Amino acid sequence: MIKGKPVMNILPLLLSGGVLIGILSNIIYPKNFWVSCLVLIGCVLVWAFWRPFKLLTKRLTYRQITLITGAGLALIFLFQLLELHFFPATIYHDPFRVIYQAELLSRGHYDWGRTVYFWRFPNNVPITYMLAEWLKVTNVFHLTTNTAIHLMSIGFLDGFIAICLRTIHRFSKRNDLVLGTLLFFLCSPFAYTYYLQVLYSDLPILFCLAVSFNIIARWQQYQRWEKWLAGPTLFLTIVLGQLIKPNLIVLAIATVLIIIALLIKSRQRLVKYGLPLVIVLLGFAASVPAQAGVLNAARFTNNPKYEVPTTHWIWMSYNPQGTGKYMFNDVQTEARLPNKAARQAFLKKSPARSFKTAGAGRGR
């Protein structure tokens, strides 16, 4: 505990409490009972065998860990190729619309009005445009759209895995954590199912977060010339991530909270890490004009008649039938309203009704 810093002591408890609620909710109300049982059995086995595993891996040298990690990454890559060959990707809903539109853009067809999808969800325009630019490059080499998408998926996914393993090895200095994480990526579905088969905004965001955290954590270890490379890389990573998935803005909020926490707890650390934290905030600020530039380059114009207000996603999370997830019925409800202004007026009253339905409060 930190003496004289009650706020600093509360924050870790809040974060731990949120994680605990998530764990207990999945155990008590599992989406798939047998999968939950399998996960619990796996956790018990990991707990039972972790100590001997730790003692065994502790004897390995740095070179041996590096070779084992390289071999594990090679196996993951081989299994991914087999997965993509025998079990082709299943594209649905939003990813399908993004890839289809990107394919049209890559061939010079800038018609965004074939459907109302992008008018309703303009947040997916940047990722569509960037994917179209990638397809233009792969078209030069006469690669099919599926091949180009698979290359990008493998690049982001394996890049994320490699960065995670390298970061754990560098900062923990524990062989058991490195090889345990490698076994998770090698044996679990993480590297072979959704993130590999369906390219959407989730995977690039994981990659951007991994790059950002790694740069910030290593900032004090960089030489001066390395900081000149790491700074712009961090800036561009944040801009790219925010363009791809706007809800990355929570990282900006977290950065501000970290700055406040360091002001309270350790101003010396704030001096050390102040520059990369400021770069993160500058990246979010630059994403606003960058988004306008992307929309202009993509020749996209917003249509308020179909656009969904940002508060729509908050209202949707209150729906007790949706358990915080995407609800198509909620989208249809708003789609019947004539314009964005009418939807905003509707959303001013709807959250209160949703709270009452969920039992969070009682009306008089």
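Me: Leaving aside its neighbours within four places in sequence, which residues is Ile154 in contact with?
Reply: In this predicted model, Ile154 is in contact with Phe77, Gln80, Leu81, Leu84, Gly159 and Leu196, once neighbours within four places in sequence are left aside.

Me: And where is Ile154 found?
Reply: Ile154 is found in helix α7.

Me: Is Ile154 buried or exposed?
Reply: Ile154 is buried, because its relative accessible area is 11% and the cut-off for buried is under 20%.

Me: How many residues apart along the chain are Ile154 and Tyr195?
Reply: They are 41 residues apart along the chain, with their C-alpha atoms separated by 8.8 Å.

Me: Let's zoom out. How many helices and strands does the protein have?
Reply: The secondary structure comes to 16 helices and zero strands.

Me: How much of the protein is buried?
Reply: Of the 364 residues in the protein, 37% are buried.

Me: What about contacts between residues at least 6 apart in sequence?
Reply: Among those contacts, 71% join residues at least 24 apart.

Me: How many residues are in the largest nonpolar core?
Reply: The largest nonpolar core has 68 residues, and Leu131, Ile161 and Phe185 have the most contacts inside it. Helix α7, residues 145-172, gives the largest share of this core, with 11 residues.

Me: Why do nonpolar side chains get buried together?
Reply: I can only give you the general pattern: in soluble globular proteins, nonpolar side chains tend to be buried together.

Me: Okay. What does Ile161 touch, not counting residues up to four places away in sequence?
Reply: Ile161 touches Leu73, Phe185, Phe190 and Ala191.

Me: Now helix pairs. How do the axes of α3 and α8 cross?
Reply: The axes of helix α3 (residues 62-86) and α8 cross at roughly 10° and come within 10 Å. That angle makes α3 roughly parallel to α8.

Me: Which residues in α3 and α8 meet?
Reply: From α3 there are Ile65, Ile68, Thr69, Gly72, Leu73, Leu75, Ile76 and Phe79, and they meet Asn175, Val178, Leu179, Leu182, Phe185 and Leu186 in α8. The residues of this contact of α3 with α8 divide into 11 nonpolar, three polar and no charged.

Me: And what angle do α6 and α11 make?
Reply: Helix α6 (residues 125-140) and helix α11 (residues 224-244) have axes that cross at roughly 115° and come within 7 Å. Therefore α6 is roughly perpendicular to α11.

Me: Which residues make that contact between α6 and α11?
Reply: On the α6 side, Pro126, Ile127 and Met130 make the contact, and on the α11 side Leu240, Leu243 and Ile244 do. By class, the contact of α6 with α11 has six nonpolar, no polar and no charged residues.

Me: While we're on α11, what's up with Thr237?
Reply: Thr237 lies in helix α11 and counts as buried at 11% relative accessibility. The Thr237 side chain reaches the backbone oxygen of Thr233 at 2.6 Å. Not counting residues up to four places away in sequence, Thr237 touches Cys208, Val211 and Ser212.

Me: Where is Lys173 found?
Reply: Lys173 is found in the loop between α7 and α8 (175-187), and Lys173 is exposed, with a relative accessible area of 63%.

Me: What about the phi of Arg299?
Reply: Arg299 also has a positive phi, near 60°, in a residue other than glycine. The place of Arg299 is in the loop between α13 (267-297) and α14 (311-317). Arg299 is exposed, with a relative accessible area of 57%.

Technical notes:
Residues are numbered from 1 along each chain as its sequence is written. This is a predicted model: local features need pLDDT of at least 70, side-chain atom pairs count only at pLDDT 80 or more; totals for chains, interfaces and linings use all residues. Side-chain values use heavy atoms; hydrogens and water are left out. Axes are lines fitted to C-alpha atoms, for helices over the stretch in contact, and angles run from 0 to 180 degrees between N-to-C directions. Helices (H or I, at least four residues) and strands (E, at least two) are DSSP runs, numbered from the N terminus. Angles under 35 degrees count as roughly parallel, over 145 as roughly antiparallel, 65 to 115 as roughly perpendicular and the rest as oblique. Contact means heavy atoms within 4.5 Å. Ala, Val, Leu, Ile, Met, Phe, Trp, Tyr, Cys and Pro count as nonpolar, Asp, Glu, Lys and Arg as charged, and the others, Gly among them, as polar. A nonpolar core is a set of buried Ala, Val, Leu, Ile, Met, Phe, Trp, Tyr and Cys residues joined through side-chain atoms within 4.5 Å. Buried means under 20% relative accessible area, exposed over 50%, partly exposed in between (1.4 Å probe, protein chains only). A polar contact is a pair of N or O atoms within 3.5 Å; within protein, one must be able to donate a hydrogen and the other to accept it, and residues adjacent in sequence count only if both atoms are side-chain atoms.
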